[in-house]
Amino acid sequence: MEARIPSRQLFIDGKWVESIKKKRLPIITPSTDKIIGDIPAATAEDVELAVDAARRAFSRNKGADWAKAPGSLRAKYLRAIAAKITERKSELAKLEAIDSGKPLDEAAWDMDDVAACFEYFAGLAEALDAQKKAPLSLPMDTFKCHILKEPLGVVGLITPWNYPLLMATWKVAPALAAGCTAILKPSELSSMTCLELADVCIEVGLPPGVLNILTGLGHEAGAPLASHPHVDKIAFTGSTATGSKIMTAAAQLVKPVTLELGGKSPILVFEDVDLDKASYRAAEWTAFGCFWTNGQICSATSRLLLHESIATEFLDRLVKWTKNIKISDPLEEGCRLGPVVSKGQYEKVLKFIATARSEGATILSGGGRPQHLERGFFVEPTIVTDVTTSMQIWKEEVFGPVLCVKTFSSEDEAIELANDTQYGLAGAVISNDLERCERVSKALQAGIVWINCAQPTFCQAPWGGIKRSGFGRELGPWGFDNYLSVKQVTQYVSDEQWGWYQPPSKL
């Protein structure tokens, strides 16, 4: 299945612009390890141009053109973008699969979610009009108060490579809906669809400078964006280590940040699961929770906690599910697991597996390259057992198709093991006892909990974590509020003097 690889420039002030230093980076498709094109490499000088363009767009016509325009006007652009994404779904899905390695069916699903996300935040932009000058009841009738919600300003959006266009949309859509102007910096490992978003913006006539897109390396483009004094907020999704650097840079200017970082999420399977019926469902959700997106998910439920009484039989069935996953070129029909994104990531995942083995764990299934795939960055879906809590595989995020397993004997032990992590993004509980599910959901230290499933995500529901998984929430009204400033306006309405000071005898 052929796909045209576009050659793009940076997108600044509504136009394609060559990077000032004229540098470009190769596009390496992870399924073959071949260079198939290149992208522009922005540097600090390009960041300066993009920030200036975004600042002008924010204040143009005293804000009337965008920042202070009715939400209904911004909604029209967001809906137009959604329509174009849907129109170009097949093309965009192919580019996403080629660039990131995710299966084509999954990439197509992502494009549906991208369009739905723009539509959803268009609705919130329209609803914002009805909230203008929202009155606030006060205990003194000599005062009236109303609340204004205003866009924060120019925002920097730094996004990862596992969901290139979707993660960008999680930030771009609410930021633009709120009236902010933005600079998007996608990962250099998978930028193609984000550059196509720029082409969509041109097609729909988005005002110049409202959205600027800079591709390039993190230290050359992302770092100067995060530390820029005229960027009013940074929203970042990526590793905890990079998130910490961004937070440090933003702290120098007391700049707000939203961070969605790493995870090592648990999935707890209790003994009341019916092994003759429900275990098939539980096994599939367990596999999906860790191996979806080739295992490269910040919320991957990569620690399986199994009740000891069902562990042997459940793992036997899970291995059968895992061996049935079709591993192939992402564009091949029926592919359910493609390559990890890069050579560096491939080597990192294999090193995690080797370290687990050297520390005494057992590789129950997988653990290497699929025999039928000689090229590309493919790793078999891997199940690791005999894991202890001191092992690297238990404590650190792999970001690949690797599931580690530990057993428990009681609900309290399961919860203790689940919370034995520096992260707190997500967790899942699988049980036929819904009261138990409710108890465990409350006890898990995480921002997201799934019951009898893993990984379902909806743009209406909040997304984010606690502990070293970051802070702030994306999606839903919570994600929208990330890009709004709340202003209190209070008026004294009495004709009487305030009366605190003794008036002078003569004025």
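This is a predicted model: local features need pLDDT of at least 70, side-chain atom pairs count only at pLDDT 80 or more; totals for chains, interfaces and linings use all residues.
In strand β6, Ile147 is the bridge partner of Ala134. Strand β6 covers residues 143–151, and three bridges tie β5 to it in the antiparallel sense.

Stepping back, these strands belong to an open sheet of three, ordered β5-β6-β22 and paired antiparallel. Which strands form the edges? They are β5 (134–136) and β22 (484–492), each of which pairs on one side only. On average, and ignoring direction, neighbouring strands of this sheet are turned by 30° against each other.

Now let us turn to β10, which spans residues 233–237. How many of its residues are buried? Five of the five are, so the cut-off matters here: buried means under 20% relative accessible area. In a regular strand, side chains alternate between the two faces of the sheet. For β10, Lys233, Ala235 and Thr237 lie on one side, with Ile234 and Phe236 on the other. Both faces are covered, as the residues on each side are all buried.

Strand β10 has parallel partners that can be followed residue by residue. Strand β7 (residues 154–158) is joined to β10 by four bridges, and the two run parallel. Here Gly156 has Ile234 of β10 as its bridge partner. Strand β11 (residues 257–260) also pairs with β10 in the parallel sense, again over four bridges.

## The α3/α4 helix pair

Two packed helices are described by the angle between their axes and the distance between the axes. Helix α3 covers residues 89–100 and helix α4 covers residues 104–130; they pack at an angle of about 125°, with their axes 8 Å apart. Are they parallel or oblique to each other? With that angle, α3 and α4 are therefore oblique. Their crossing is right-handed.

Which residues make the contact? From α3 come Lys89, Leu92, Ala93, Lys94, Glu96 and Ala97. From α4 come Leu104, Ala107, Ala108, Met111 and Asp112.

Definitions and conventions
Residues are numbered from 1 along each chain as its sequence is written. Side-chain values use heavy atoms; hydrogens and water are left out. Buried means under 20% relative accessible area, exposed over 50%, partly exposed in between (1.4 Å probe, protein chains only). Two strands pair if DSSP finds at least two bridges between them. Axes are lines fitted to C-alpha atoms, for helices over the stretch in contact, and angles run from 0 to 180 degrees between N-to-C directions. Angles under 35 degrees count as roughly parallel, over 145 as roughly antiparallel, 65 to 115 as roughly perpendicular and the rest as oblique. A crossing is left-handed if the near helix is turned anticlockwise from the far one by less than a right angle, and right-handed if clockwise. Contact means heavy atoms within 4.5 Å.
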